[in-house]
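Visitor: I would like a short tour of this model. Please show it to me, and then I will ask my questions.

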Amino acid sequence: MAGRFNVGDTVSVRRAFPPGHVRTPYFIRGRQGVVQEVVGDFANPEELAYGRDGLPAQTLYRIQFRQADVWPDYEGAAGDTAMVDLYDNWLEPAAGDSR
Amino acid sequence: MSDFARRHHDMGGLDAGPVQTSEHDYAFWEKKIDAIRRLLADDKRRMFTVDELRRGIEELGAKAYDEMSYYERWAASTSNILIEKGVISIDELGRRMAEVEARLKAEAEAS
């Protein structure tokens, strides 16, 4: 599966709380970040975790978030960022994006 | 959103105290657990994946997750998954654990 996003795209992480094995950390759900790198296509760990083949593969992205956007009480420098690896199925085009 | 939205292992951002940065050596049994996992997952056996190991650790329950050491969690998850897949039976594992426990106890008393 070809990934839907490119480097520089602003994306939103889906705000979803399903049970089961999920690689999208709780703290990043619902946040908005920018694609820094398209890492590649990998078998879906949400499926691999239950002994299935994980296909179709999911594109994995390295996404940069502003720390101040992630933590409401963040006290570090304004330019601080956090990098999180996230799969395509957890992302949506950011609201206001031209897509 | 219910209190159950965040799963117990998903701790990013919670206060967890200082990070231990010192190097530490592994006990022999910990190396064995690691070796067993690698052998079960190798190209010949493909009995389970590291993703399944992680899923099994996440399903241990909050108390076990907090109180077990890193490789104890690996051992518990590996056992559960091998039982699920029918590679070993509960009966077989229970008897073998009792056997090993008795042997270790006898060895300790003899020394």
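Guide: This is a predicted model, where local features need pLDDT of at least 70, side-chain atom pairs count only at pLDDT 80 or more, and totals for chains, interfaces and linings use all residues. Residues are numbered from 1 along each chain as its sequence is written, while chains are lettered from A and ligands numbered from 1 in the order in which they are written.

Visitor: What share of the 111 residues in chain B is buried?

Guide: A residue is buried if 20 or more other C-beta atoms lie within 10 Å of its own, exposed if 12 or fewer, and partly exposed in between; C-beta atoms are placed from the backbone. Chain B has 111 residues. The buried share of chain B is 12%.

Visitor: In what order do the elements of chain B run from the N terminus?

Guide: Helices (H or I, at least four residues) and strands (E, at least two) are DSSP runs, numbered from the N terminus. Chain B has five helices and zero strands. The order is therefore α-α-α-α-α.

Visitor: Is chain B compact or spread out?

Guide: The radius of gyration is taken over C-alpha atoms, and the globule rule is 2.2 Å times the number of residues to the power 0.38. For 111 residues the rule gives 13 Å, but chain B has 17 Å, which is well over that. So chain B is more spread out than a compact globule.

Visitor: What radius of gyration does chain A have?

Guide: Chain A holds two helices and five strands, in the pattern β-β-α-β-α-β-β. Its C-alpha atoms fill a box of roughly 45 × 30 × 20 Å along the principal axes. A compact globule of 99 residues would come near 13 Å, and chain A agrees with that at 14 Å.

Visitor: What do the buried residues of helix 2 of chain B pack against?

Guide: Helix 2 of chain B covers residues 50-58, and its buried residues include Leu53(B) and Ile57(B). The partners of the buried residues are helix 1 (45-48) of chain A, and helix 1 (28-41) and helix 4 (70-84) of chain B.

Visitor: How many charged residues are on the side of chain B that touches chain A?

Guide: Here 12 residues of chain B are in contact with 11 residues of chain A. Asp, Glu, Lys and Arg count as charged; Ala, Val, Leu, Ile, Met, Phe, Trp, Tyr, Cys and Pro as nonpolar; and the others, Gly among them, as polar. On the chain B side, two are nonpolar, three are polar, and the charged ones number seven.

Visitor: Is Glu75(A) buried or exposed?

Guide: Glu75(A) lies in the loop between helix 2 (67-70) and strand 4 (81-87) of chain A. It has 8 other C-beta atoms within 10 Å, so Glu75(A) is exposed.

Conventions
Contact = placed C-beta atoms within 7 Å.
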